[in-house]
Each structure stands twice: as structure tokens, then as C-alpha cells.
Amino acid sequence: MNAALPLLYTNEVSSEFLRTLDKAPFTEQQLAGFNEQALAIVNEKQAYAKAHPPIAIYRVAAEGSQTRNGGVIQHATSPMESKLDNGQQVRAAQKGDYVVYADGSKAQIVTASGEEHFHLALVGSHLSNGDEIINTSQGGCLLLMRDGVRRAQDFLRSIE
């Protein structure tokens, strides 16, 4: 029996997908049972989301992620793990991890999500040889970019 190959995800998503990211997680019935303090927090988060809607995503790169020039992340060092649709567990990659090419050469991941997000590698991260991560094997972990909210200064910045 052959194991199913994992799906590969990019940062390309529809505007409809972006709108679903701020869907309220609570029903009216659930909200009715919240105390005033909890309800105030939910309302504050909803107001923030409405004022700053998602405009883009960056998916976290993981083992199995590929680069434009054919490299693959084979071993990631972050403690964060994701379970793929096929049941396989993969680790998230981070700045400093390596991509391996078919000829055995390696390149280091040099740009990532920044300190605020534990320097996780992203689809769009650059490598020491100028290559770029173009997809990821996991589809659940992503970072949102919101309208009117500036990215952290070290977001996808080189380590040079």
C-alpha cells in the first residue's frame, strides 16, 4: 500500500478565503453565556478584525517544503509540529535550517517570520544561495497580514 503524498500549499489564496479567516468563532447562544469581561474581549477582537481585515497570508514552511530551484526541507529544528492530511507529522522549519538539493548541496534559510514569531521559516523565505521557499507541506499554520498593520521590522529580513 502506498502512502498518499502530502498536499503542497502556497501563499496564494482567494479574497473569499481571506474573509473566512475572521469568521466569528462563537454562536450567539455561546456569546449570551459569556460574562461582561469575556464579552468585552470578544467584541474588542471583532472590532480590530473589522478595522484591519486580512489582506495576505504567509504559510509556515515545514519538512517537505520545496524551493524554486528544487531544494527540499528534509530536517527542520523547530519544536512546532503539524499533522498532515495523510497522518504524517512534520516539524516547522526556522531561520538557520537547511534545504537539501538533489545533488546533495545545501543552502541555509536566511529570512523568516522574525523574533515575534520565533523566526519560523515561511513560504517566501530566502536562502543563502538566493533560492526561495515556494510551498509547504502543511496547510494549517499561517501568519496573517492585516490592512493598516505594519509588519515587524525583522519579518523576512536577511540575517546578514
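The model is predicted, so local features need pLDDT of at least 70 and side-chain atom pairs pLDDT 80 or more, while totals for chains, interfaces and linings use all residues. Numbering runs from 1 along each chain as its sequence is written, and side-chain values use heavy atoms, without hydrogens or water.

The volume of the largest pocket comes to about 280 Å³ (the space filled by probe spheres set on grid points joined across faces, edges and corners). Among the 13 residues lining it, D22, K45, Q46, A49 and R146 sit closest to the centre. A pocket here is an open set of points on a 1 Å grid over the protein atoms alone, where a 1.4 Å probe fits, with protein on both sides within 12 Å along at least five of seven lines; lining residues have an atom within 4 Å of a point. Helix 3 (residues 36-51) supplies the largest share of this lining, with 7 residues.

Next comes the second largest pocket, at about 230 Å³. Of its 13 lining residues, E116, H117, L144, M145 and V149 are the closest to the centre.

Then there's Q138, which is buried at 4% relative accessible area (buried means under 20%, with a 1.4 Å probe and protein chains only). A polar atom of the Q138 side chain lies 2.7 Å from the backbone oxygen of V60, and one lies 2.7 Å from the backbone nitrogen of C141.

Note on methods:
Helices (H or I, at least four residues) and strands (E, at least two) are DSSP runs, numbered from the N terminus. Buried means under 20% relative accessible area, exposed over 50%, partly exposed in between (1.4 Å probe, protein chains only). A polar contact is a pair of N or O atoms within 3.5 Å; within protein, one must be able to donate a hydrogen and the other to accept it, and residues adjacent in sequence count only if both atoms are side-chain atoms.
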